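Student: Please take a close look at a single part of this model, and then go on to the parts around it.

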Amino acid sequence: MAHEYDVLVIGGGPGGYVAAIRAAQLGFKTACCESNPYADPKGEPRLGGTCLNVGCIPSKALLHTSHLFEEAGHSFAAQGINVGTPKIDVSKMIARKSTIVDQLTGGIKGLFKKNKVTMINGHGAFVGKSDAGWQVKVGEEMVVAKQVIIATGSSPRHLPGIPVDNKIVCDNVGALDIDAVPKKLAVIGAGVIGLEMGSVWRRVGADVTILEAMPDFLAAADQDVAKEALKLFTKQGLKINLGVQIGEVKTSKKGVVVAYKDKDGADHKLEADRLIVSVGRVPNTDGLNAEAVELKITERGMIEVDDHCRTNLPGVWAVGDVVRGPMLAHKAMEEAVMVAELMAGQAGHCNFDTVPWVIYTSPEIAWVGKTEQQLKADGVAYKVGKIPFLANGRALGMGEPSGFVKMLADAKTDRILGVHIIGASASELVSEAVVAMEFAACSEDLARICHAHPTMSEVVHEAALACDKRPLHF
Ligand code: FAD
Ligand code: NAI
């Protein structure tokens with residue numbers, strides 16, 4: 001006999017678990033199925049998806065530990081703290097990361113209980129439609145739901161001829177579990193994962209070379225920020241080669257040799273103990289049996305949705321990495337809440353123009369809104385307020401003088417169009433810009449708001465003042 005629900009969510013990542021919780025809060029009888037291979041101590045699939053298991057959370061835990069290690073080795077002495085030469089215990093670093101993952105994934109199970117969401121272990125695949133709703137087979141169980149939210153997420157893209165074993169050749173899964181500091185680490189792809197994971201392993205002692213196909217560094221970021229980041233990361237010791245073409249990759253039990261052509265066409269061979277392949281991600285639609293119900297999938301393999309995450313099927317929605325837009329956990333969660341509220345007849349809404357981006361390198365990079373190059377391409381007249389952290393007392397006190405805040409405002413209306421930050425705590429500072437842009441603020445609005453002293457946020461304030469050429473401390 002089929003189990004009946006008002007709402008079935010397929011996938012328990014940030015898109016799925018948030019959709020399930022919000023739907024249950026709104027009074028729907030809700031179930032969420034999850035089939036991931038990461039089992040908890042009881043052998044059940046873990047909730048939390050890529051983000052909690054092998055993405056945002058574990059990577060940030062390793063970034064934190066490796067940052068402290070680097071500080072201890074390179075910054076403590078200058079502040080009068082002598083600890084000698086620090087040693088890294090990689091197994092402890094990894095174990096700490098895994099404890100945090102256990103804690104948070106277990107926490108989502110607790111949230112499901114609290115909100116009365118039924119968790120079903122197993123892979124969900126469409127079977128068809130009956131009068132009672134959509135029929136979805138989850139493992140051996142048949143579920144019928146009036147509405148279905150697909151939140152199946154994404155998986156790492158692999159390159160032909162470079163098989164990933166997550167021992168010598170790793171994607172994000174293996175990169176988060178390397179058991180000893182590789183002497184030499186090669187990374188293919190200077191995107192978000194390449195930079196974050198490359199930073200982790202460089203800080204704890206690996207000699208890291210990143211090979212990037214594009215001639216421009218961080219093409220999606222404001223190019224002022226990208227230029228500064230490339231300069232700082234190179235100074236830290238990351239070897240970043242742009243415009244390369246990857247050739248044959250030979251692996252052995254000991255390591256890997258990556259053949260590539262550099263930007264001038266010269267041939268090179270890079271030998272390394274480990275290789276991380278981080279060249280983007282692909283949406284998870286295989287195994288959903290989308291054909292059975294004629295669910296539309298785009299040419300690029302994403303589930304086709306409108307701005308409200310409606311698919312071509314009535315009562316079937318899709319959110320997160322499996323649909324268009326940036327593959328970010330907070331974007332998935334926003335869409336999830338929107339869909340649940342729309343299902344309940346409320347006015348759900350998602351503003352894709354104010355989704356922030358953060359890269360958790362050191363210094364951090366964060367932005368929201370348009371880049372300068374986008375405004376130029378769109379022919380928008382703008383003004384710029386750009387202030388370095390070097391002029392800020394808190395930044396100096398923290399030993400974090402690198403980077404700047406750059407604000408872009410409309411030349412006529414003064415409305416803030418984009419804010420780009422490279423510097424310590426950029427991930428937190430960007431929230432002020434997001435709030436300002438959500439409220440359609442002008443640079444003058446931020447310029448007239450009192451900011452606590454001494455804080456890094458004063459640099460955001462000064463950048464707003466600088467849009468009107470009246471900074472006070474620079
Ligand atoms: P996922 O988190 O991928 O979850 C989908 C879930 O659905 C998975 O658990 C999967 O097992 C399950 N599933 C798939 N198919 C089925 C099926 N048929 N039946 C049942 N279950 C199924 N984003 C940020 O915003 N900030 C960060 O700092 C950040 N860091 C990252 C670091 C790394 C190394 C990686 C890889 C990603 C990072 N991301 C980050 C991206 C973020 O993890 C994703 O955007 C986010 O997890 C997407 O959520 P989702 O729910 O759409 O999909
Ligand atoms: P990415 O899209 O950020 O970067 C991939 C890079 O690989 C690009 O620069 C691309 O030009 C390059 N590339 C592609 N093919 C190549 C080839 N054949 N040879 C050399 N270079 C090649 O993808 P990444 O780093 O894999 O991350 C996937 C996604 O996960 C991100 O786009 C982001 O959405 C999410 N993520 C977010 C984080 C955050 O918010 N801090 C952290 C990590 C991941």
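Tutor: Start with Phe 217: setting aside neighbours within four places in sequence, Phe 217 is in contact with Ala 190, Leu 195, Gln 223, Ala 226, Ala 229, Leu 230, Phe 233, Ile 240 and Leu 242. Contact means heavy atoms within 4.5 Å. Residues are numbered from 1 along each chain as its sequence is written, while chains are lettered from A and ligands numbered from 1 in the order in which they are written. The model is predicted, with local features needing pLDDT of at least 70, side-chain atom pairs counting only at pLDDT 80 or more, and totals for chains, interfaces and linings using all residues; side-chain values use heavy atoms, leaving out hydrogens and water.

Phe 217 is also one of the residues with the most contacts inside the largest nonpolar core, along with Trp 201, Ile 240 and Ile 365; this core has 39 residues. Such a core is a set of buried Ala, Val, Leu, Ile, Met, Phe, Trp, Tyr and Cys residues joined through side-chain atoms within 4.5 Å. Buried means under 20% relative accessible area, exposed over 50%, and partly exposed in between, using a 1.4 Å probe and protein chains only. Elements that each supply at least two residues of this core include helix H3 (56-74), helix H4 (90-115), strand E9 (184-188) and helix H7 (223-236). Helices (H or I, at least four residues) and strands (E, at least two) are DSSP runs numbered from the N terminus. H7 gives the most, five residues.

Another core, of 31 residues, lies apart from this one and has Ala 366, Met 407, Val 430 and Leu 465 among its members. Leu 465 sits in helix H14 (residues 457-467) and is buried, at 4% relative accessible area. Not counting residues up to four places away in sequence, Leu 465 touches Ala 447, Arg 470, Pro 471 and Leu 472. Between the C-alpha atoms of Leu 465 and Asn 289, which are 176 residues apart along the chain, the separation is 55 Å.
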